[in-house]
Amino acid sequence: MPSPLPLAAIPRAALPALLAAAPKAELHLHIEGTLEPELMFALARRNGVALPYADVAALRAAYAFADLQSFLDLYYAGASVLLTAQDFEDMAYAYFERAAADRIRRAEIFFDPQTHTARGVPLATVMAGLEAAIARAARDLNLSVALIPCFLRHLSEADALQTLEALLPYRARLLGVGLDSSERDHPPEKFSRVFAKARELGLRIVAHAGEEGPPAYIWGALNALGAERIDHGVRCLEDPALVAELRRRAVPLTVCPLSNLKLCVVPDLAAHPLPELLRQGLKVMLNSDDPAYFGGYLGENLRQCFEALPELDATAAYTLLRNGFEASFAGPAEQARWIAELDEVFAGFSAATETR
Ligand code: ADE
Ligand code: ZN
């Protein structure tokens, strides 16, 4: 999008400070993926749950993943310490404090109802804890949070339909629904009927696609599920017709660089397709996915990408951050307020550069 700001004048050396100061949106964040090892052990002790690791250091040492599935196995095991509403509130509020420190203004966060209900934790417990933390974040942290439950794609369509039914009493407090978990061999089409029902309920639709799965899964998310945002989507570059379609429809891609690195989707950050996605005119933004497992929250994702990818300049920084607000499902007045704040921060850096 054209910017009224003289972005080209801002040198790369100013970018770390600019990125840190800018207001941000986080649209791809699994709240269970923010459970830091220290809190996991504290909750395990509080709830009398045994963890198969001696201590925090041993757990952290296990965070060496070969692919998505090797991460998911550990991530679902880690979630076993979450039993009470207070546990969910403590986990979520700890994330919200980190988000506020990163100057995140809007967070549309995922949670996985089936991960908890399958262990006998009622949905009411999960919702009570998350909602208590969300209310505190709005009051104390200048942070607007909305909830997106995701269906686990390795489970059946029937399980997802049952989960959607169980979510109905909470409909007014949910922004949309998503699709996550093991992508390989679980195409979006498996859940067409679930997402058709969700659309009838007026829920916004997002889906993980093109993380490990092929471009066909991104087509499936768009056409079979009605996805309005694609979570990850980095493999779209393998299909020029898909790139053209994503560009034509301005479908946001919630890209997660440190996640891609840790799950071996890319060999190193210098090889990340982010610059190419921007060159192709796609509506890309950066996110943190499961930051407790992948070594960095949103600010760190931005910092490391701009350090590793020399072609990323102030225009790229502005585009990524603005895309985040525009891709959110917040209303136009809120979006305009955040973008005005973003413009103000960039204008301050432009002015500082020009008077040097
Ligand atoms: N659940 C949590 N993180 C995920 C990811 N990166 N991909 C799919 N499912 C997930
Ligand atoms: Zn994800």
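Me: Which residues in α8 meet α9?
Reply: This is a predicted model. On the α9 side, the partners are Arg 193, Val 194, Lys 197 and Ala 198. On the α8 side, they are Glu 157, Ala 160, Leu 161 and Leu 164.

Me: How do the residues of the contact of α8 with α9 divide?
Reply: No polar residues take part in the contact of α8 with α9. The contact residues divide into three charged and five nonpolar.

Me: Are α8 and α9 roughly parallel or roughly antiparallel to each other?
Reply: Two packed helices are described by the angle between their axes and the distance between the axes. The axes of α8 (residues 157-167) and α9 (residues 192-200) come within 9 Å and cross at roughly 15°. Angles under 35 degrees count as roughly parallel. So α8 and α9 are roughly parallel.

Me: Which residue forms a salt bridge with Glu 157?
Reply: Side chains of opposite charge can pair when their charged atoms come close. Here the closest N and O atoms are 2.7 Å apart. The partner of Glu 157 is Arg 193.

Me: How many residues apart in sequence are the parts that Glu 157 and Arg 193 tie together?
Reply: Glu 157 lies in helix α8, and Arg 193 lies in helix α9. So the pair ties together parts of the chain whose separation in sequence is 36 residues.

Me: Is Arg 193 buried or exposed?
Reply: Exposed means over 50% relative accessible area. Arg 193 has a relative accessible area of 57%. So Arg 193 is exposed.

Me: Are Arg 106 and Glu 108 buried or exposed?
Reply: Their side chains meet in a salt bridge, 2.8 Å from N to O. Buried means under 20% relative accessible area. Arg 106 has 6%, and Glu 108 has 0%. So Arg 106 is buried, and Glu 108 is buried.

Me: How many salt bridges does a search of the whole structure find?
Reply: The bridge of Arg 106 with Glu 108 is a salt bridge, and so is that of Glu 157 with Arg 193, because a Lys or Arg nitrogen within 4 Å of an Asp or Glu carboxyl oxygen is enough. For the whole structure, the search finds 23.

Me: By about how much of a helical turn are Arg 322 and Glu 326 separated?
Reply: Arg 322 forms a salt bridge with Glu 326, with the closest N and O atoms 2.8 Å apart. An α-helix has 3.6 residues a turn, so residues three or four places apart point the same way. Arg 322 and Glu 326 are four residues apart in helix α16 (residues 314-327), so they are separated by about one helical turn.

Me: Is Glu 326 buried or partly exposed?
Reply: Glu 326 has 26% relative accessibility. Buried means under 20%. So Glu 326 counts as partly exposed.

Me: Is α2 roughly parallel or roughly antiparallel to α5?
Reply: Helix α2 (residues 37-47) and helix α5 (residues 85-101) pack at about 165°, with their axes 11 Å apart. Angles over 145 degrees count as roughly antiparallel. So α2 and α5 are roughly antiparallel.

Me: Which residues of α5 make the contact with α2?
Reply: From α2 come Leu 39, Leu 43, Arg 46 and Asn 47. From α5 come Gln 86, Asp 87, Asp 90 and Met 91.

Me: Is Asp 87 buried or exposed?
Reply: Asp 87 is found in helix α5. Among the residues it touches are Leu 43, Arg 46 and Val 81. Its relative accessibility is 0%, so Asp 87 counts as buried.

Me: In which loop does Asp 289 lie?
Reply: Most residues other than glycine have a negative phi. Phi of Asp 289 is near 65°, a positive value. Asp 289 is buried, at 3% relative accessible area. It lies in the loop between β8 (283-286) and α14 (291-294).

Notes: Residues are numbered from 1 along each chain as its sequence is written. Chains are lettered from A and ligands numbered from 1 in the order in which they are written. This is a predicted model: local features need pLDDT of at least 70, side-chain atom pairs count only at pLDDT 80 or more; totals for chains, interfaces and linings use all residues. Side-chain values use heavy atoms; hydrogens and water are left out. Axes are lines fitted to C-alpha atoms, for helices over the stretch in contact, and angles run from 0 to 180 degrees between N-to-C directions. Helices (H or I, at least four residues) and strands (E, at least two) are DSSP runs, numbered from the N terminus. Angles under 35 degrees count as roughly parallel, over 145 as roughly antiparallel, 65 to 115 as roughly perpendicular and the rest as oblique. Contact means heavy atoms within 4.5 Å. Ala, Val, Leu, Ile, Met, Phe, Trp, Tyr, Cys and Pro count as nonpolar, Asp, Glu, Lys and Arg as charged, and the others, Gly among them, as polar. Buried means under 20% relative accessible area, exposed over 50%, partly exposed in between (1.4 Å probe, protein chains only).
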